[in-house]
2 protein chains.
Amino acid sequence: MSITAGSVFLADCPARLAIEVIADKWSVVTLFALSDGPVRHGDLVTLIGGISRKVLTHTLRRLQANGLVTRQAFAEAPPRVEYSLTELGLSLQEPIVMLTQWARSNGEAIVEFRETESDLPG
Amino acid sequence: MSITAGSVFLADCPARLAIEVIADKWSVVTLFALSDGPVRHGDLVTLIGGISRKVLTHTLRRLQANGLVTRQAFAEAPPRVEYSLTELGLSLQEPIVMLTQWARSNGEAIVEFRETESDLPG
DNA sequence: GCGTTAGGTACCAATCGGTAACTAACGAAT
DNA sequence: ATTCGTTAGTTACCGATTGGTACCTAACGC
């Protein structure tokens, strides 16, 4: 765990900033949803269970403001807006996929742990 | 992006629960801090820049309640409490390390993007 | 009594997130 | 010509969560 110049342990360094941008529930799921190519706003709302349009828009704006996502609006009616990963966003693909795969493989273990925990005498 | 039974896209499934537990700024940094072995509470506060004792305790409690971290208190004075990763927590080590490495490698790119963005006309 | 470590609590501000209602722009139906 | 439905987005209002500071306890050695 070498604490080098740019470390996630330092409060005011770019590495920590990066963690603050992506280490967020909705950001992780959104980035994962975009990892196969451009997706429309409405499709993202449908795909990502439990997200509201407002929060999705906010999440996308934040990812966009940090260079991870691009927004492309088409001059059509009704409007069509597609979001996709930038090059920087694509470099995050592997870590994000690993994380979501871990979640799929180990989510059940968390649920089971919670259940056995609540059975403790206390 | 196959939407299988346990998908991070489904609001109420174990995979999403797992994401909600770990996809959090302080959780990621804390898990990373524990990835080399047991660390005392006080050492974590020093190591993790910007975290307060209250938030660290809360973060550790949450990780503990979800089976990722164990807490070992020694009957000494002054008290000594060590936190370490469980087996489940260790299975997260690789994704977490990838994520923090990405943050170190690409944090600067985010900073630069922000700077060039703010230079835009308008 | 004082310092140590771990933690709990109280109070407060800021952020997050949900619902609902609104706009813009256009095609299609009436 | 008017109305309706569509997609994307904003705004307002509200409650819940997060996080900070400050202060308190417990247990022990000096």
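1. **Basis.** This is a predicted model, in which local features need pLDDT of at least 70, side-chain atom pairs count only at pLDDT 80 or more, and totals for chains, interfaces and linings use all residues. Residues are numbered from 1 along each chain as its sequence is written, chains are lettered from A and ligands numbered from 1 in the order in which they are written, and side-chain values use heavy atoms, with hydrogens and water left out.

2. **Overall fold of chain A.** Chain A has 6 helices and 3 strands. Helices (H or I, at least four residues) and strands (E, at least two) are DSSP runs, numbered from the N terminus. Along the sequence the pattern reads α-α-β-α-α-β-β-α-α.

3. **Dimensions of chain A.** The radius of gyration of chain A is 18 Å, whereas a compact globule of 122 residues would have one near 14 Å. That radius is taken over C-alpha atoms, and the globule rule is 2.2 Å times the number of residues to the power 0.38. Along the principal axes, the C-alpha atoms of chain A fill a box of roughly 60 × 40 × 25 Å.

4. **Burial and contacts in chain A.** Of the 122 residues of chain A, 47% count as buried. Buried means under 20% relative accessible area, exposed over 50%, and partly exposed in between, with a 1.4 Å probe and protein chains only. Among contacts in chain A with a separation of 6 or more, 42% link residues 24 or more positions apart. A contact means heavy atoms within 4.5 Å.

5. **The sheet.** Chain A holds an open sheet of 3 strands in the order β1-β3-β2, with antiparallel pairing. β1 and β2 of chain A are at the edges with a single partner strand each, so one side of each has no neighbour in the sheet. Two strands pair if DSSP finds at least two bridges between them. Strands of a sheet pair through backbone hydrogen bonds, either parallel or antiparallel.

6. **Strand pairing in detail.** Strand β1 (residues 39-40) of chain A is joined to β3(A) by 2 bridges and runs antiparallel to it. There, A:Val39 has A:Tyr83 as its bridge partner. Strand β2 (residues 69-74) of chain A pairs with β3(A) over 6 bridges, also in the antiparallel sense. A:Val69 stands opposite A:Leu85, and A:Thr70 stands opposite A:Ser84. β2(A) and β3(A) form a hairpin, with 5 residues between them.

7. **Strand β3 of chain A.** Why is this strand largely enclosed by the rest of the structure? In β3(A) (residues 80-85), 5 of the 6 residues are buried, so the strand is largely enclosed.

8. **DNA strand C.** There are 19 residues around DNA strand C; A:Lys54, A:Ala77, B:Gly42, B:Arg53 and B:Arg71 come nearest. Sugar and phosphate make up 60% of the atoms of DNA strand C that come within 4 Å of the protein. A residue is near a molecule or strand if one of its heavy atoms lies within 4 Å of it.

9. A backbone N or O atom of B:Gly42 lies 2.8 Å from a phosphate oxygen of DNA strand C. For a polar side-chain atom of A:Trp26, the distance to a phosphate oxygen is 3.5 Å. α4(B) supplies the largest share of the surface near DNA strand C, 4 residues.

10. **DNA strand D.** Around DNA strand D there are 19 residues, the closest being A:Gly42, A:Arg53, A:Arg71, B:Lys54 and B:Ala77. A polar side-chain atom of B:Lys54 lies 2.3 Å from a base oxygen of DNA strand D. α4(A) gives the most to the surface near DNA strand D, with 4 residues.

11. **B:His41.** B:His41 lies in helix α3 (residues 41-47) of chain B. Is B:His41 buried or exposed? B:His41 counts as buried, because its relative accessibility is 19%. Leaving out residues up to four places away in sequence, B:His41 touches B:Arg53, B:Leu56, B:Thr57, B:Leu60, B:Val81 and B:Tyr83.

Note on methods
A polar contact is a pair of N or O atoms within 3.5 Å; within protein, one must be able to donate a hydrogen and the other to accept it, and residues adjacent in sequence count only if both atoms are side-chain atoms.
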